[in-house]
Amino acid sequence: MSKKSRSRGGGGAGAAAGDDHEDLARPPPLQAVLLADSFTLKFRPITLERPKVLLPLVHMPMIEYTLTWLESAGVDEAFVFCCAHSHQVKEYLEKSGWAEKAGAGSMAVTAVESHDAISAGDALRVIYERGVIHGDFILISGDTISNMSLKDALQEHMDRKKKDPLAVMTMIIKHSKPSILTHQTRLGNDEIVMAIDPETKELLYYEDRADNSHLYVTIDKDILTNNPSLQLHNDMEDCYIDICSPEVLSLFTDNFDYQHLRRHFVKGLLVDDIMGYKIYTHELRSGYAARIDNFRSYDTVSKDVIQRWTYPMVPDVISSGDCSESRLHRQGIYKASDVTLSHSAQIGANSVVGSGTRIGDHCKVLNSVIGEGCKIGKNVLINGSYIWDNVIIEDGCKVSNSLVCGGVHLKAGAIVEPGCVLSFNVEVGKNVGVPAHSKVSLLPQPSNEDSDEELEYADTNSGVTESPPFSSMRSNGDQATVPSEDESGTFEIGTCGVVGYIWTSGDTGILEEWRQSIAPIPKEKLEELQHAVSEDDGSEDESNNPTQPDKDDSSDIAVEDDDPFSKFEKEVEETFQRALGGGVNRDNLILEINGLRLAYSLQHADCAGAVFYSVMKSALVAAQSTNDTLLKTTAEALGKWKDLLRNYTKTVDEEMEILLKFEEMCQETTKEFSPLFSKILPFLYDTEVVSEDAIMRWAEEKEHADESDKVFVKQSEAFIQWLKEAEEEDDEEEE
Amino acid sequence: MDFQVVVLAGGTSETLSPLVSKDVPKALLPVANRPLLSYALDLLEASDLKDLIVVVEGQEAARLVGAWVSSAYLDRLCVEVLAVSEDLGSAGALRAISKRLTANDILVISGDLVTDVLPGAVAATHRRNGAAVTALLCSVPVSGPSETASSSGKDKAKKPNRLNIVGLDKTKQFLLHIVSGTDVEKDVRVHKRKIQAVGQMEIRSDLMDAHLYAFKRTILQDVLEQKEAYRSIRLEVLPYLVRSQLRSAPSGGHGTTVGETGNSAVLSSGNLQCLSQHHVITPSAFKQDALSRSHGGHRCCAYIATKSKYCHRLNSIQSYCDINRDVIGEASHLSGYSFSAQNNIIHPSSVLGSKTTIGPHCILAEGSQLGDKCSVKRSVIGRHCRISSNVKIVNSVVMNHVVIEDGCHIQGSVVCNNVQLQERSVLKDCQIGAGYIVTAGSEHKAESLARK
């Protein structure tokens, strides 16, 4: 059918316009753009070695699922955009036969390669430049698993476009399954809030960041004016399958700053309202569609595949290339025909064992996928894990809820705790325990990871991070492994431990780790989340009283008004702490503090006070207990940082500021200094942080103050007296 | 039904001056020649809600209302008229009579509501859902002097005025979010947790809070007691209840027994729906209903009147005109009169001069006289009015005992009791207070005139 349509579609555009029925019967060739690069770092460190789309999902590379689906959905021509590891993707396409299939009735697959694309936006700009897309096309990323029928959505899109040429995109969405406990989608991705017009299904609002900084969803009043009724959804999943008009490509080209499909393109269209273009949604009511965005969704989708929700994309129906067929047994157990399985080994429900794999005595495999050619010893427990091809697991190992890539070698007694990711060819030594949520790779962690929008480039990132010491590596056995720190700061552990680098978690931090890892969500988190739901709502209510908006506003402002200085002080202190830790050198520190000063629009003198405060605080922290040590550490700190302080004490005013600050500290925040005031003052004078002019002026000013304010002047009377005399002497000498 | 009904009949509202005065409190303001309060009372009677407390602001007003009620509803309703001091607000008035409330559920209705939505239906919904509060929501009524094409065009450009923004769950039973008062013109802010808890929320800006509520008594009394500053039910009490409904522990363990049966019924049906959807769409591991309301908090429900129902509050001069127009026009079933073939009502005791025409959608009450060559269109004329010749009355309300002399033109105006319009005076969009005398030949446009 598709061949027929193509041959005729070329000929008679005029004829098609004449007859509606004919027109519907033979649409122009359907094209698809498949992004074989997710432009994120979520699957690191694995993606340093292999592109995400080629990672096996229940024995088959993800892209295989996507391409198979595209073909079954009636796509005539697919363009695979590859960027990172493009040669691997191309090689795969050739090897698997997709690239040659361009024959009749099947889908033609063309690889489009580009090496400087760093985002989906760049990819689409490249596609546009190639000029290969002629009509409406399907935009999908190579990590999407689906078996839905596109017919309805396509028809809807076409019909809508006929009526309204501004409807440029139809987004496929699906009802997601919010967990009653977490109110989280089970895919572990960011939660999406969208607003949809219930009648037209037009998308009015889209927000996909799960950061809790925005507790509220804010819908512009103009949207409400135009749409008296709208549906706010938190229960929808974005399938990341879009039916786009060719205008989408040109929009990306026109707006060269669009990078992210959702964050920039969709937001741009909705918020900036460029040319009035509209995005519509199509809710998927039957069929399956999900995108593998992170480890948790990898886990979830794998389970769905095993449980045959993705039929016909299931292990025993399509199997890639040469591997022998696997067969479905009872309880969702798939076993290849040539598996060597010990009689005492136990394979639990919903598990897959690949061909050529040998499993030893008394092993237990539960809810797990084991690849091809693996060797598993005796008494091994594998629970909820994904073991890829050619993995060797020796006797007595335990692997739970982890991802173990190809070629990994777990020596006897190794324990892999939940949430771990062991990348290719990593070795874990005897009786070594890999702590939960570790990521281990043979490649070092690249350094410049400041943005999550970056590429999966392995070759460009050769640097190694200065990651903070990571010391959760402990041996579980009797054999204590002392991690030897190498120059770069990451650990490489000898044969007794782990071969490979342990990656520290990036920006998201260990806190976010649970959300996206394979490991089940810990109990405390569940409770926390549940609490959050009920608590947050309560706390909102008093402040949000509609009848007293004025009062509330003013008090808010008031709080912010007096805040900046203390905030600034705090930030300076933090910056200083970092400097103490050795991360920042002195020049940069000054720069940073100056930056802060500008950001808070404060005076130079304020800086002096704040920096002085930080220095003294550091001395206090270092000293503890007795006055003697405190004096000593203070002297040390002042000596060390006098250059920094002097940088801020250029005028008498600023020096005064320091003295006043010191006084204030002694009275209020850090009373520990108060007995030492008179002893530290000379020191300040000696290090030339404070000049005698400043001290004299300070003393003069205080003369008229209250008795209580004069405590410190009195305390340092002797010193002031000495200064005065010295001054007189100076004067005399000059005379 | 164990419902106690509280009718908040107001007092002598400032916003309605000069129509209301000491002699005519708001409750007794004639709408199509019937006191305003009678619309609410008839409605309650139709729902078999006969145990009423009518709360009136001000002693004098209460006396007048009480006198009228006892004469008009002597055998039909059991009405107790209570006076509260003025300027308490709706919540304040409720607080003042809080001790008189004894039934499990309280129906609070504003005395200025003209509607054909049965309060009984709201009460039943309330019971069925075991709700803490159920509010009647209806479509925002068409406002403005309509008929004339020009002004309606202007209105369209202005867009219908937004009165409330409400958030509903997907079954449209639960009230999840409400914005009222001045905030409606701002951007809508919805707490994310709330959306997370329910999954899906429908935001509507085309509904209005009709000021007809069913409350669970204990919860209502708690709120009134704890939040002493709350003055308005619509602006404060209801939003507070809606905001606090997801809280884990309500302010005390009471009031749950009544709701239990209702709870389970609603939730199970919700579950069924959810489950069936999950069946189709989502694979592995079923999850239970996302409505987390079951964990102890109360719930706020909404009864949404269908579009065909009439629902309007008389709280401004404009709405007074609108309601009069509608009651004798498109919503004529509300008036309780039977209209003639010409779609109007002319009392047999009235006298019409020659060549005088009374158009459709008019009411001419008993004892009124019209001279020759008069024309009345879409207007209400009260009792015992004396109208001379060549008078034109269009889109207006003329109350009782009004004297209109030759050649007067009245358009879009309200003329109160005992007003005298001298010869050839012209009124357009005016309100004339009781007893005022409009001098001969004067012309007034969009003015409010009252005796000093």
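This is a predicted model: local features need pLDDT of at least 70, side-chain atom pairs count only at pLDDT 80 or more; totals for chains, interfaces and linings use all residues.
Figure 1. The peptide bond that joins A:Tyr311 to A:Pro312 is cis, with omega near 5°. A:Val314 also belongs to the loop between helix H11 (295-306) and strand E16 (326-329). A:Val314 counts as buried because its relative accessibility is 1%; buried means under 20% relative accessible area, exposed over 50%, and partly exposed in between (1.4 Å probe, protein chains only). Apart from neighbours within four places in sequence, A:Val314 is in contact with A:Val305 and A:Arg308, where contact means heavy atoms within 4.5 Å. From C-alpha to C-alpha, A:Val314 and A:Leu328 are 9.9 Å apart in space and 14 residues apart in sequence.

**Figure 2. The crossing of H18(A) and H19(A).** The axes of helix H18 (residues 652-667) and helix H19 (residues 677-686) of chain A come within 12 Å and cross at roughly 160°. Axes are lines fitted to C-alpha atoms, for helices over the stretch in contact, and angles run from 0 to 180 degrees between N-to-C directions. H18(A) and H19(A) are therefore roughly antiparallel to each other; angles under 35 degrees count as roughly parallel, over 145 as roughly antiparallel, 65 to 115 as roughly perpendicular and the rest as oblique. On the H18(A) side, A:Leu659, A:Phe662, A:Glu663 and A:Cys666 meet A:Phe677, A:Ile680, A:Leu681 and A:Leu684 of H19(A). By class, the residues of this contact are seven nonpolar, no polar and one charged. Ala, Val, Leu, Ile, Met, Phe, Trp, Tyr, Cys and Pro count as nonpolar, Asp, Glu, Lys and Arg as charged, and the others, Gly among them, as polar.

**Figure 3. The contact of H19(A) with H20(A).** The axes of H19(A) and helix H20 (residues 692-703) of chain A come within 10 Å, crossing at roughly 145°. A:Phe677, A:Leu681 and A:Tyr685 of H19(A) make the contact with A:Glu692, A:Ile695 and A:Trp698 of H20(A). Five nonpolar, no polar and one charged residues take part in the contact of H19(A) with H20(A).

**Figure 4. Helix H1 of chain B.** Eight of the eleven residues of helix H1 (residues 36-46) of chain B are buried, so this helix is largely enclosed by the rest of the structure. Among the buried residues of H1(B) are B:Leu36, B:Tyr39 and B:Leu43. Just after H1(B), B:Asp48 takes a positive phi of about 65°.

**Figure 5. Two loop residues with positive phi.** A:Asn431 is not a glycine, yet has a positive phi of about 55°. A:Asn431 lies in the loop between strand E33 (427-428) and strand E34 (433-434) of chain A, and counts as partly exposed because its relative accessibility is 31%. In chain B, B:Arg424 has phi near 50°, a positive value in a residue other than glycine. B:Arg424 lies in the loop between strand E29 (420-421) and strand E30 (426-428) of chain B.

**Notes.** Residues are numbered from 1 along each chain as its sequence is written, and chains are lettered from A and ligands numbered from 1 in the order in which they are written. Local features need pLDDT of at least 70, side-chain atom pairs count only at pLDDT 80 or more, and totals for chains, interfaces and linings use all residues, while side-chain values use heavy atoms, with hydrogens and water left out.

Key:
Helices (H or I, at least four residues) and strands (E, at least two) are DSSP runs, numbered from the N terminus.
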